[in-house]
Amino acid sequence: MARMAKKAAPAAPTGEPLFTGRDWDFPLLSKVYGAIEEIADNELKLDIYPNQIEVITSEQMLDAYASTGMPLFYKHWSFGKHFVRNETLYRKGWQGLAYEIVINSSPCIVYIMEENSATMQTLVLAHAAFGHNHFFKNNYCFKQWTDATSILDYLAFAKNYVATCEDRYGQEMVEQVLDAAHALMSHGVHRYPGKHAVDLKSEQRRMEERRAFAEEHFSDLWRTLPKSPDGPKRDMDAERRRQLLGLPEENILYFLEKNAPRLAGWQRELIRIVRQIAQYFYPQRQTKVMNEGCATFTHYRLMTRLHEQGRITDGAYMEFLHSHTSVVFQPEYDDQRYGGINPYALGFAMMEDIERIALTPTQEDRAFFPDFAGCGDAYGVLRNAWENYRDESFVLQFLSPNVIRKQKLFRLIDDSEEDDIVVASIHDEHGYKAVRQSLSRQFDVGRQDPDIQVADVDLAGDRKLILHHNVVDGVTLDGKDAAKVLHHLANLWGYDVKLLEIEDGHTVAAHDGSPSRAFR
Amino acid sequence: MHIIDRRPDPGGKSLANRQRFMRRARALVKQAVREASGSRKIREIDGGGAVTIPADDVHEPSFHAGRDGGMRDYVLPGNKKFVSGDRIQRPRQGSGSGSEGSADGEGEDNFRFVLSRDEFLDLFLEDLELPNLAKRQVMGDAVEKRHPAGFKTSGPPASLSVGRTMRRSLSRRIALKRPNPVELDRLRRELFELETSSGDGARIAMLRAEIERQERRAKVIPFIDPVDLRYRRIEVTPEPIARAAMFCLMDVSASMDEHMKDLAKRFFSLLYLFLTRRYKQVEIVFIRHTHEAKEVDEETFFHSRESGGTVISSALIEMARIAKQRFPPDQWNIYAAQASDGDNLSSDNARSVALLRETILPMAQYYAYLQVGRGDFDREDGVFARQETTLWRAYQELVRPNLPMAMRKVNDRRDIYPVFRELFERRDEPAET
């Protein structure tokens, strides 16, 4: 309620402006940081890792781009490729550089560019050092899958290990393994926390429970059942084999690391490194909208409060609004600039709307969000959302009719068996839920990546590895790329591999791969 | 909160990655460089600059959904006129709203590499060499090779050999029994002790005398004497080098149309570029001929026009004359490249062949004949194979293994570079047709 009062009648500006020109220096950064921190602590109640702010040049920003922003990374040609691409785009003026890069680590590393004006530095600090930082520290995906305190150490280890392997076995050999592992990177993550190995005590207890159960339910009648010939017995073998190999397994890299018969120890370790890094980035893929939305909402609130307090001038606030609006700009689908849904725009719009619903809900909002409509504690609701959702569930839970109307979202169904594309739902009463559901699925990483699992291995025969792709809605794999990836996979496995695309029990497509130069 | 200034950190963190990428893409870049030469103007071949390689070949594959087939369901922003149930015609393949495509896989265009002139030419001329560059000989102004040859007693301070000087100094000091400073020190200490304890007077006197004698001796026998000094001796021997002369013979007669002249000039400019870049010691002689031949300078050769009849032998005679006058074959490696459309005066063919066989080929290391054709003609493998020119047939009779002669045909600008490579590719066995 206190918030509402503040919002309704902003206190007369009391503070001195932190800066007036566009120049900044290190003491000013500290001062700005202090001012932001005060608001973040007292009003938004953000909980962040300690920050480490690093000032870099545009050249260094390009370097950082190449290695996915990480301050240290092992060497691989693909990073050079990204570097060359970004450099070309940047030099030709087709693409500006990011104002900042932030790394999910503790301390949280924030790169800021020296070219930024004082206003931009303030914005960047609010956005990255507070918004992203809070999200990294609190969101359950990050908590579950990443260890912020040790990632830099791990990267240092990885870089060192790869370099050592290159010295010992040659760049080309290392490159072969890394190329293959990179191709499978999207299928090298655990999507669910694994089972813990059972300790002896609980194992014993379980055995006893089972025996007790068997004794209790003993019936001599079962003994008299006729045994079926052969068939089931062979199935038992297959079952047992799959069980021993831990199949089916959707983490292909994990499976290869543990089971590929012809890999040397160092090659397994390289696969493990790629796998660990894929796992580290997995939460970021799951939370694009939320992560950017959280940071954008946070910077917007913080900057506005600073302006209300008179800590930044009207001119600086206008400069901020200019870049803020271009960040949250969502081109429409028929616009030339359209390149998918802008996660900044969607995230920001939804979070602003959550705040509105919490403070001044309409009748419709009360019907859609009975849990928190009008509860008054907007930041509390937001903090809860930031902590416990990812894009898919966040959209499903919080996308309000108001946002759907504002963005004029509509849902298309494109069935290749029909001649036309059908407009299934639009922003009307009948459409809200369908649009919301469809958009939520669109952000589901589990649906974006095809569901491919290692299904079986022909251990008794030619050791062919068999993978299944569970086809959803008839969308099959891109055949050209699949063949290339299978080739890499076959190289790692050491023998032939086969990928079956299965829909409703029918094989709709099959791809094969053979090793060209199996590692040994 | 800490603020760290990273700006002074050494840059180029991605350099190693960029180099790896270049290495991986090297074959592609090389190909792109070579293809670029076909489309460039003659003057620009020597320019460096950007080449484009297809992104396809440095593509990183992954499992992902294909573009078509199946049922897709997606949400777009910015509805203007649709109501639910509307049917929209499917946009044509490749264009259209294409939201799915851009949402999951970012599009990749081709890569542009900006190469420096040196990088460009290095890739361009890789693996080329003049065949059979065999005759080597010591020349007056030839390259000199310097190698160490013992020591001498005088020389500039820069060539003083400290090790050798000190060794001689040490042996002299030992031979002349220069007092050892450690020994002298010991005597002084003993004297000092005796004096402070006022001990044996005779011993003191003896010590004093001995110390004085030794000090005098140390002064007389210097630590380093001018006789110790030794300087490194460098001997200079002339290095036999291979000198080569390349004769460029170009037909500029009226039968050569613009296209053919362009081909010939392209060929020679590649040759010129290759020779000036790779060999310091190559003389290039430009001869152009119609019914008469003339030696001209580079500028005239490439850029001026002339026309007339065709007498090939005139160029061969001119070449033989110049070679005899300026490049005696026992001292020079002689190369020749001839470009013509093959339309020779028919009575001249026998003469040309005889000249080649008897005069030119015996003195030449390699003779390359390039026949330029009209671009619009069917290739020789076409349905109606073009009849060979008389000159081509005459030359073909001449060609046999172990004769340093090669002949090729070029009809199109695109073929110039591959043919050029074939003619001058590094190889182990002697050139054959």
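This is a predicted model: local features need pLDDT of at least 70, side-chain atom pairs count only at pLDDT 80 or more; totals for chains, interfaces and linings use all residues.

1. Over the ring of which residue does the charged end of Arg262(A) sit? The ring is that of Tyr495(A), and the charged end of Arg262(A) lies 5.3 Å from its centre.

2. Aromatic pairs. A pair of aromatic rings is described by the distance of the centres and the angle of the planes. Over all chains, the structure contains 36 aromatic pairs. One of these is formed by Phe410(A) and Phe82(B), whose ring centres are 5.5 Å apart and whose planes make an angle of 50°, a tilted arrangement. This pair crosses between chains: Phe410(A) belongs to strand E4 (residues 410-415) of chain A, while Phe82(B) is located in the loop between strand E3 (71-76) and strand E4 (87-89) of chain B. Phe410(A) is buried, its relative accessible area being 0%. Phe82(B) is likewise buried, with a value of 12%. Within chain A, one aromatic cluster brings together Phe368(A), Phe369(A), Phe372(A), Tyr389(A), Phe394(A), Phe398(A) and Tyr432(A).

3. The side chains of Arg411(A) and Asp73(B) form a salt bridge with an N to O distance of 3.0 Å. Because Arg411(A) lies in strand E4 of chain A and Asp73(B) in strand E3 of chain B, the pair joins two chains. Is Arg411(A) buried or exposed? Arg411(A) counts as buried, at 14% relative accessibility, whereas Asp73(B) is partly exposed, with a relative accessible area of 22%.

4. By the rule applied, the count of salt bridges over all chains is 45. Among them is the contact between the side chains of Asp179(A) and Arg24(B), at 3.0 Å from N to O. This pair also crosses between chains, leading from helix H8 (residues 171-183) of chain A, which holds Asp179(A), to helix H1 (residues 15-39) of chain B, which holds Arg24(B). Asp179(A) counts as buried at 11% relative accessibility; Arg24(B) is partly exposed at 36%.

5. A salt bridge within one helix. In chain B, the side chains of Glu190(B) and Arg186(B) meet in a salt bridge of 3.7 Å, N to O. The two residues are separated by about one helical turn because they stand four residues apart in helix H5 (residues 181-196) of chain B. Glu190(B) is partly exposed, with a relative accessible area of 22%, and Arg186(B) counts as partly exposed at 39%. Elsewhere, salt bridges that share partners link Glu175(A), Asp179(A), Arg23(B) and Arg24(B) in one network.

6. Four strands form an open sheet with mixed pairing, in the order E2(A)-E3(A)-E1(A)-E1(B). Its edge strands, each pairing on one side only, are strand E2 (100-103) of chain A and strand E1 (2-5) of chain B. From one strand to the next, the twist averages 20°. Four bridges connect E2(A) with strand E3 (residues 108-113) of chain A in the antiparallel sense. Which residue in E3(A) is the bridge partner of Ile101(A)? That partner is Tyr111(A). Helix H5 (residues 118-138) of chain A lies across strand E1 (51-56), E2 and E3 of chain A, at about 20° to E2(A).

7. Chain B has twelve helices and 15 strands, and 41% of its 433 residues count as buried. Of the contacts in chain B with a separation of 6 or more, 82% involve residues 24 or more positions apart. Strand E10 (residues 244-251) of chain B is largely enclosed by the rest of the structure, because eight of its eight residues are buried. In a regular strand the side chains alternate between the two faces of the sheet. Ala244(B), Met246(B), Cys248(B) and Met250(B) point one way from E10(B), while Ala245(B), Phe247(B), Leu249(B) and Asp251(B) point the other way; all are buried. E10(B) pairs with strand E11 (residues 282-289) of chain B in the parallel sense, over eight bridges. In E11(B), Arg288(B) is the bridge partner of Met250(B).

Technical notes. Residues are numbered from 1 along each chain as its sequence is written. Chains are lettered from A and ligands numbered from 1 in the order in which they are written. Side-chain values use heavy atoms; hydrogens and water are left out. Rings of Phe, Tyr and Trp (its six-membered ring) pair if their centres lie within 6.5 Å; planes under 30 degrees apart count as stacked, over 60 as edge-to-face and the rest as tilted. Buried means under 20% relative accessible area, exposed over 50%, partly exposed in between (1.4 Å probe, protein chains only). A charge sits over a ring if NZ of Lys or CZ of Arg is within 6 Å of the ring centre and within 35 degrees of the ring normal. Two strands pair if DSSP finds at least two bridges between them. Axes are lines fitted to C-alpha atoms, for helices over the stretch in contact, and angles run from 0 to 180 degrees between N-to-C directions. Contact means heavy atoms within 4.5 Å. A salt bridge is a side-chain nitrogen of Lys or Arg within 4 Å of a carboxyl oxygen of Asp or Glu.
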